[in-house]
Amino acid sequence: MKNNISFSISAFTFLASFNLAAIGAEQVVNIYNWSDYIAEGVIEKFEQQTGIKVNYDVFDSNEILEAKLLTGGTGYDIVVPSASFLERQIKAGLFQKLDKSKLPNLKNLDETIMQAVQMADPNNEYSIVYMWGTTGIGYNVKMIEERMENAPTNSWELIFNPEILAKFADCGVSLLDAPDELIPAALIYLGLNPLSEDEADLQAAEQLIKNIRPLIRSFNNSQYISDLANGDICIAHGYSGDILQARDRADEAENDIEINYSIPKEGAIIWFDMMAIPVDAPNPQNALKFMNYIMQPEIAAEITNYVWYANANQASYDLIDEEIINDKSIYPPKEIKAKLVATRSYSLEFDRLLTRAWTRIKTGQ
Amino acid sequence: MRNFIRQRERAISLKLGKKLVIYIPLFWLLLFFLVPFLIVTKISLSQITYGRPPYLPMFEWSKDNLLTIKLYFGNFFLLFSDSLYINAYLNSLKIAALSTFFTLLIGYPMAYFIARADEKIRNILLLLVILPFWSSFLLRVYAWIGLLKNNGIINNILLNMGIIDSPIKMLNTDFALYIGIVYSYLPFMILPLYANLVRLDEKLLEAARDLGAKPLALFFTIILPLSMPGIIAGSMLVFIPAIGEYIIPSLLGGSDSLMIGRILWDEFSANRDWPVASALAVAMLTIIILPLILFKNAQKKEVAIDE
């Protein structure tokens with residue numbers, strides 16, 4: 001009986017809270033961000049401070065996000081495309097300009113990085129930098145050593161030379177399911193212009209990847225994090241922070257797996273993930289509040305310490321763990337930075353060639 | 001006279017009721033099947049662009065009151081000029097056909113056993129067949145990942161027992177794909193087969209036995225022909241959805257397990273090519289309609305037999 005009473009009381013309060021929320025016209029902000037890309041507790045803190053409820057949803061490829069944006073009516077207030085995609089999305093009129101008077105924390109951002117992303121977003125009118133990083137190679141140290149002495153883990157040779165990669169096919173190799181990451185990497189390895197829109201260059205890159213295709217276990221954009229951490233694969237072409245998260249997870253699991261990330265010496269892609277507000281966002285004011293919140297030095301540092309990605313928040317650098325701020329693969333020094341290439345939006349014609357080539361590669365046609 | 005009027009009234013209301021019963025589902029089909037199909041067909045005949053929506057309009061009303069209608073057939077030509085699509089179709093048909101065969105092979109004995117089982121346990125057995133539906137289809141497919149992966153349950157057991165030295169690669173292969181499809185669609189095979197087999201007249205079998213038929217002859221000359229409608233119904237229920245299957249090939253299959261559902265998804269999302277994706281969908285529907293017609297004919301036959 002007592003149980004019954006307490007049940008009906010809790011049911012009543014539950015219903016009552018619903019009603020109250022409805023009366024108060026609950027404030028919400030709908031965020032669509034990459035998977036594994038925010039620190040625990042950051043969202044709850046925002047909800048407590050502002051009373052705005054956060055609906056947080058995740059994706060794992062720029063293409064999926066773009067497909068949603070092009071369909072329209074996504075209901076999202078904040079989305080986080082990479083700068084190379086943002087460039088053409090701005091041109092297609094998918095975003096609204098930021099009201100910078102609502103973003104006083106903009107002053108915290110790193111001037112040089114904000115300048116670097118102006119090639120995608122002139123005058124930084126539409127977006128702020130959320131995190132940035134590189135695309136390189138993650139590997140399982142022990143599994144690599146067992147199979148090859150002095151393996152070229154700091155070179156694209158490891159992935160693109162079929163003779164070398166063949167030694168690791170048995171322990172599992174994954175590549176990103178993103179043509180705009182893999183084709184430029186192949187072009188860098190071939191010594192060609194990574195941003196080339198030349199058909200012959202594309203064919204050369206396609207052939208190079210087809211040569212190693214039989215040795216690849218899967219193409220994916222987020223599964224490789226847990227696969228690396230669990231020892232299901234030994235080499236992953238992936239995003240810097242994701243691979244470092246895998247390292248972190250393996251450490252926590254104490255499963256005797258050591259993961260490393262390297263930026264290949266030939267050069268690699270540097271990318272910037274940008275927060276922007278879709279033109280049809282239902283709550284743009286709340287979106288601005290969240291953006292401003294995320295640009296607080298303490299919050300930015302908290303996220304970086306958790307996701308192992310570099311932020312662009314200069315004021316937060318002092319608050320970032322030593323282990324991260326001094327890690328050359330996260331905050332690369334000048335000589336490595338000089339070898340990094342930022343991708344741009346491709347022309348529509350080349351984009352179609354690229355996606356066709358990519359489908360052929362993936363399906364082994 | 002009064003009686004006559006009443007009868008007429010009744011007849012009219014009966015007619016109305018009949019019409020309602022027929023027209024409501026018809027309206028439903030028109031609204032949720034035909035209209036979306038027409039929209040997809042319209043997109044399949046337009047050209048790709050970068051914008052919202054990502055295709056160019058078909059109708060344009062210019063200032064001098066000229067209506068131009070642009071029909072672009074390039075998307076359909078692409079389906080035939082790029083061997084990828086035809087291969088994907090053929091491969092989907094092959095995978096669906098083989099999976100149907102395997103589900104039949106496993107499902108038939110199960111259905112037969114359940115139909116012949118004691119009435120008390122029959123319902124429990126049927127419940128067991130339906131039970132997996134209580135959990136999400138996606139979760140059940142994910143569970144297979146845990147079973148099949150390199151350091152998954154099956155490989156670990158085999159390794160510990162010393163049967164194999166290095167893990168067998170099962171996940172992301174066609175083998176895993178077939179397992180996934182056969183497992184997921186098995187109930188759709190068992191249920192119609194059961195419904196058919198449970199109605200099988202025991203007297204026919206007794207008569208055959210009395211006349212000296214051996215078990216094998218009994219099965220091939222009496223049971224199998226009589227259960228044909230059930231076999232066809234079950235096979236169609238497996239074959240048709242298996243052709244367009246998307247989740248199982250993308251989670252369990254390798255990236256070279258070519259299936260049309262997956263190509264369609266890639267065209268729509270990763271390639272942002274709505275027109276080509278729509279053309280694929282239209283072509284796929286036309287192909288699937290063929291087995292559907294066969295299915296209908298088989299059903300008609302079954303009704304005829306019952307009568």
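1. In this predicted model, a disulfide joins Cys171(A) to Cys234(A), with a sulfur-to-sulfur distance of 1.9 Å. The count over all chains comes to one disulfide. The link of Cys171(A) and Cys234(A) is right-handed, with 60° about the S-S bond. Cys171(A) sits in the loop between helix H8 (162-165) and strand E5 (173-175) of chain A, while Cys234(A) sits in the loop between helix H11 (223-230) and strand E7 (235-239) of chain A, so the bond ties together parts that are 63 residues apart in sequence. Cys171(A) and Cys234(A) are both buried.

2. The largest nonpolar core holds 126 residues, and the members that touch the most other members are Phe160(A), Phe168(A), Ile235(A), Ile294(A) and Ile303(A). Strand E9 (residues 268-276) of chain A supplies the largest share of this core, namely eight residues. Leaving aside residues up to four places away in sequence, Ile303(A) is in contact with Tyr37(A), Ile38(A), Ala39(A), Val42(A), Tyr130(A), Met131(A), Ile294(A) and Trp308(A). A second, separate core of 58 residues includes Tyr85(B), Tyr194(B), Leu218(B) and Met236(B). As general background, nonpolar side chains in soluble globular proteins tend to be buried together.

3. On helix packing in chain A, the axes of helix H3 (residues 62-71) and helix H4 (residues 83-91) come within 11 Å and cross at roughly 15°. Because angles under 35 degrees count as roughly parallel, H3(A) is described as roughly parallel to H4(A). The crossing in which H3(A) passes H4(A) is right-handed. On the side of H3(A) the contact is made by Asn62(A), Glu63(A), Glu66(A) and Leu69(A), and on the side of H4(A) by Phe85(A), Arg88(A) and Gln89(A).

4. Two residues of chain B may be examined for their surroundings. Met284(B) belongs to helix H13 (residues 274-306) of chain B, and its relative accessibility is 14%, so Met284(B) counts as buried. Apart from residues up to four places away in sequence, Met284(B) touches Tyr89(B), Gly244(B), Ile260(B) and Leu264(B). The C-alpha atoms of Met284(B) and Asp174(B), which are 110 residues apart along the chain, are separated by 22 Å. Ser227(B), in turn, lies in the loop between helix H9 (215-226) and helix H10 (228-243) of chain B. With a relative accessibility of 0%, Ser227(B) counts as buried, and, again not counting residues up to four places away in sequence, Ser227(B) touches Tyr108(B), Leu193(B), Asn196(B) and Leu197(B).

5. Some backbone details deserve a check. The peptide bond from Arg52(B) to Pro53(B) is cis, with omega near -5°, and Pro53(B) is located in the loop between helix H1 (2-44) and strand E1 (59-61) of chain B. Glu254(A), a residue other than glycine, has a positive phi near 50°; Glu254(A) is in the loop between helix H12 (240-253) and strand E8 (259-262) of chain A, and counts as exposed at 71% relative accessibility. Asn172(B), although not a glycine, has a positive phi of about 60°. Asn172(B) is placed in the loop between helix H6 (153-160) and helix H7 (174-197) of chain B, and is buried, with a relative accessible area of 19%, where the cut-off for buried is under 20%.

Key: Residues numbered from 1 in each chain as written. Chains lettered and ligands numbered in written order. Predicted model: local features only at pLDDT ≥ 70, side-chain atom pairs only at ≥ 80, totals over all residues. Heavy atoms only, no water. Disulfide = S-S within 2.5 Å. Helix = DSSP H or I, 4+ residues; strand = E, 2+ residues; numbered from the N terminus. Buried < 20%, exposed > 50% of the residue type's maximum accessible area, 1.4 Å probe, protein only. Contact = heavy atoms within 4.5 Å. Core = buried A, V, L, I, M, F, W, Y, C linked by side-chain atoms within 4.5 Å. Axes fitted to C-alpha atoms, helices over the stretch in contact; angles between N-to-C directions. Parallel < 35°, antiparallel > 145°, perpendicular 65-115°, else oblique. Left-handed = near helix turned anticlockwise from the far one by under 90°.
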